[in-house]
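This briefing goes through one structure, topic by topic. Please look at the sequence and the 3D view before reading on.

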Amino acid sequence: MKTSGVREVKNRLSAYLRMVEQGERVAITHHGRVVAELGPPTHATEEEANAGLRRRALAGSVRLGAANRPDVYPRPAGRLPSRVVQDLLDETRGER
């Protein structure tokens, strides 16, 4: 397993993600102490991950959120033209 500091991983994240895609694991250190590991997902499929989450919910170690309700989170009617969006952003940000 490769070991790298937080700053190195942050600066070269794409390269480290390519390593992980090839199956390598990376131990991430902060001030010389391993604080995290970066590696491929442990669940082979989304269904297996969901099953594990459901088991944890039944055991009481996690609480699942409610499903999104369309009446609470309606889909936007449409998109604004990019020029309008840019003008609104410029107005909000003011001079920089």
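The protein chain has a radius of gyration of 22 Å, whereas a compact globule of 96 residues would have one near 12 Å. The model is a predicted one. Along the principal axes, the C-alpha atoms of the protein chain fill a box of roughly 50 × 45 × 25 Å.

**Burial and contacts**
- Of the 96 residues in the protein chain, 11% count as buried.
- Among contacts in the protein chain with a separation of 6 or more, 21% are between residues 24 or more positions apart.

**Elements**
- The protein chain contains four helices and three strands.
- Read from the N terminus, the order of elements is β-α-α-β-β-α-α.

**Sheet**
- The three strands make an open sheet with mixed pairing, in the order β1-β2-β3.
- β1 (2–5) and β3 (33–38) are at the edges with a single partner strand each, so one side of each has no neighbour in the sheet.
- On average, neighbouring strands of this sheet are turned by 35° against each other, direction ignored.
- β2 (residues 26–30) and β3 run antiparallel and are joined by five bridges.
- In β3, Val34 is the residue opposite Thr29.

**Helices**
- Helix α2 (residues 13–21) lies across β1, β2 and β3, and runs at about 160° to β1.
- Helix α4 (residues 82–93) has twelve residues and spans 16 Å from its first C-alpha to its last, close to the 16 Å expected at 1.5 Å a residue.
- Gly94 follows α4 and has a positive phi, near 70°.

How values were computed. Residues are numbered from 1 along each chain as its sequence is written. This is a predicted model: local features need pLDDT of at least 70, side-chain atom pairs count only at pLDDT 80 or more; totals for chains, interfaces and linings use all residues. Side-chain values use heavy atoms; hydrogens and water are left out. Two strands pair if DSSP finds at least two bridges between them. Helices (H or I, at least four residues) and strands (E, at least two) are DSSP runs, numbered from the N terminus. Axes are lines fitted to C-alpha atoms, for helices over the stretch in contact, and angles run from 0 to 180 degrees between N-to-C directions. Contact means heavy atoms within 4.5 Å. The expected span of a helix is 1.5 Å times one less than its number of residues. The radius of gyration is taken over C-alpha atoms; the globule rule is 2.2 Å times the number of residues to the power 0.38. Buried means under 20% relative accessible area, exposed over 50%, partly exposed in between (1.4 Å probe, protein chains only).
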